[in-house]
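Hi,

Here is the structure I promised to pass on to you. My notes on it follow below, with the cut-offs spelled out along the way.

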Amino acid sequence: MVNGVDTDTQELVELLRDRVKGPIETSLDVCAHCGICADSCHLYVGTGDVDQIPSARAQQLERVYKRYYTKLGQIAPRLVGAQDLNEEVLDRLQRMAYQCTLCRRCALYCPFGIDNASMVAVIRSLLADAGRVPAGLEEHTNNAYETGNTLAITDEQFMDRVEWFEEELQDAVDDDEATIPLDKEGARVLFVPTPIQIMRFPSVIISAAKIFYAAGEDWTMSTRRFDATNFGLFSGEEEKRDEMSQRLVDEMERLGAEVLLLSECGHSYWSMKYAAETWLGKPFPFEVKNIVELISEYISEGRIKVDPSVNKKLVTYHDPCNLSRKGGLLEQPRACLEAACEEFVEMTPSGAEAWCCGGGGGVIAIPEYDEVRLNAGKPKADQMRESGAEVVATACDNCKLQLIELAEHYGVDVSVGGVTDLVADALIMDEKEE
Ligand code: SF4
Ligand code: SF4
């Protein structure tokens with residue numbers, strides 16, 4: 001015990017001081033007494049849980065901070081609403097932090113320019129230090145850290161899948177020589193998918209390979225790094241997060257590629273494009289791109305041709321928060337869909353203001369939050385229904401998983417698909433010379 005605080009709590013209290021600083025410290029008090037952005041948060045709108053109003057999170061963090069780092073909080077905690085960092089508070093913080101999807105829609109509507117999700121990141125890192133990462137999320141994170149991928153896919157399983165992808169590619173392009181290049185040194189593009197694509201949504205990889213074939217791209221996949229996700233970002237474990245990013249950087253260096261191409265996965269793009277250079281403290285000597293970005297370049301440069309009459313159903317686009325609001329990829333997926341589909345309709349609102357699907361930030365890996373997740377997805381389910389679309393396309397497999405569940409749960413009559421698949425289906429392949 002030190003000053004009435006046990007050693008474990010003392011360590012957390014010190015971490016609190018280290019983490020609550022700079023813009024977080026200066027924005028806490030404003031945010032704790034505000035609440036303007038409440039109706040912009042799908043989690044609050046969909047669940048009605050007042051603990052999920054962004055300002056409630058700031059208020060709880062401020063209460064604990066005050067208790068240890070303000071004079072009045074130390075002398076007369078009740079008077080200023082300061083609270084001990086006890087088990088009950090840690091439980092509340094855990095729900096508040098790990099149910100938030102880090103979508104940053106609230107930040108868009110904050111008149112003070114405050115990013116509540118950055119407070120969530122602080123709380124998650126504290127909880128991770130306190131050993132309070134929810135079990136499902138921790139399992140995925142540890143799998144990735146220890147085996148190199150979240151689903152612990154073995155090298156043998158990976159090679160079996162690649163062999164099958166290659167057969168599918170050869171059938172699709174009618175060319176027995178078409179390959180999925182592996183570990184090709186000096187290839188221009190290193191394409192890194194995700195474990196869920198390898199096992200559950202393989203069409204994304206096969207479609208991408210078909211598009212690269214048609215575009216004549218010089219590309220490769222890696223046998224060492226076939227997981228672009230970063231669950232360390234979700235769990236709040238910074239060391240693991242940095243290691244996961246560093247592995248991709250090392251692989252780019254080993255193969256000498258110019259472009260790190262991330263598949264239909266929102267957070268892997270955002271983290272490598274906008275955050276990892278800061279985490280690792282160095283600029284990358286390569287470009288980071290998302291697959292929809294590259295496909296839209298192929299279309300605009302005439303490197304591939306598509307026939308929209310192949311995709312006759314009315315299609316809408318769900319903006320993954322990490323690609324659209326946080327990543328700025330607003331026009332590229334739309335350019336792909338407008339070229340490859342006969343009819344396209346927007347959801348309202350869309351683009352940077354689109355509702356989060358409710359399944360991001362790692363929440364989909366936490367089974368005890370399933371009910372909350374589905375309730376939080378109600379604004380998105382309503383949008384899908386109101387659009388009248390028959391197909392909801394998106395460019396993130398995490399979103400896809402959630403949208404499929406939402407459609408089923410809320411009885412919305414749509415199918416969910418990927419932008420890459422729709423473009424691949426509409427590809428016009430050059431006639432082979434006899
Ligand atoms: S994020 Fe901005 S708008 Fe939302 S509660 Fe905090 S200060 Fe208010
Ligand atoms: S980041 Fe998204 S889920 Fe989290 S509080 Fe803001 S709007 Fe809600």
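**Domains and their contact**

The protein chain is divided into domain 1 (7-132), domain 2 (148-298) and domain 3 (305-426), with bounds that come from an automatic or database domain assignment. Before you go further, please note that this is a predicted model, in which local features need pLDDT of at least 70 and side-chain atom pairs count only at pLDDT 80 or more, while totals for chains, interfaces and linings use all residues. Residues are numbered from 1 along each chain as its sequence is written, and chains are lettered from A and ligands numbered from 1 in the order in which they are written.

The C-alpha centres of domain 2 and domain 3 lie 21 Å apart. Between these two domains, 26 residues of domain 2 are in contact with 26 residues of domain 3 (contact means that the C-beta atoms of two residues, placed from the backbone, lie within 7 Å). On the domain 2 side, the elements that give two or more residues are helices H12 (195-199), H13 (202-215), H14 (231-235), H16 (266-280) and H17 (291-301). Helices (H or I, at least four residues) and strands (E, at least two) are DSSP runs, numbered from the N terminus. H13 gives the most to this side, with six residues. By class, this side of domain 2 has 13 nonpolar, nine polar and four charged residues; here Ala, Val, Leu, Ile, Met, Phe, Trp, Tyr, Cys and Pro count as nonpolar, Asp, Glu, Lys and Arg as charged, and the others, Gly among them, as polar.

**The two ligands**

Around ligand 1 there are 14 residues, and the closest are Cys 31, Cys 34, Cys 37, Ser 55 and Cys 110 (a residue is near a molecule if its C-beta atom, placed from the backbone, lies within 6 Å of it). Helix H2 (22-32) and helix H4 (54-69) are the elements that give two or more residues to this shell, and H4 gives the most, with three. The shell around ligand 1 has 11 nonpolar, three polar and no charged residues.

Ligand 2 also has 14 residues around it, of which Cys 41, Cys 100, Cys 103, Arg 105 and Cys 106 come nearest. Here the elements with two or more residues in the shell are helix H8 (105-108) and helix H9 (116-129). By class, the ligand 2 shell has nine nonpolar, three polar and two charged residues.

**Strands and crossovers**

Which strands make up the open sheet, and in what order? Four strands form it in the order E2-E1-E3-E4, with parallel pairing (two strands pair if DSSP finds at least two bridges between them). Strand E2 (219-220) and E4 stand at the edges, each with a single partner strand, so one side of each is left without a neighbour in the sheet. E1 and E2 are joined by two bridges, and Leu 190 stands opposite Thr 220 in E2.

Strand E1 (residues 189-192) pairs with strand E3 (residues 259-262) over four bridges, with Phe 191 opposite Leu 261 in E3. Four bridges also join E3 to strand E4 (residues 287-290), where Asn 290 is the bridge partner of Leu 262. The chain crosses from E3 through H16 to E4 in a right-handed β-α-β crossover (right-handed means that, with the strands pointing away from the viewer, the path from the first strand over the helix to the second runs clockwise).

Elsewhere, strand E7 (residues 391-394) and strand E8 (residues 415-418) pair in the parallel sense over four bridges, and Val 391 stands opposite Ser 415 in E8. The crossover from E7 through helix H21 (residues 397-410) to E8 is right-handed.

Best wishes
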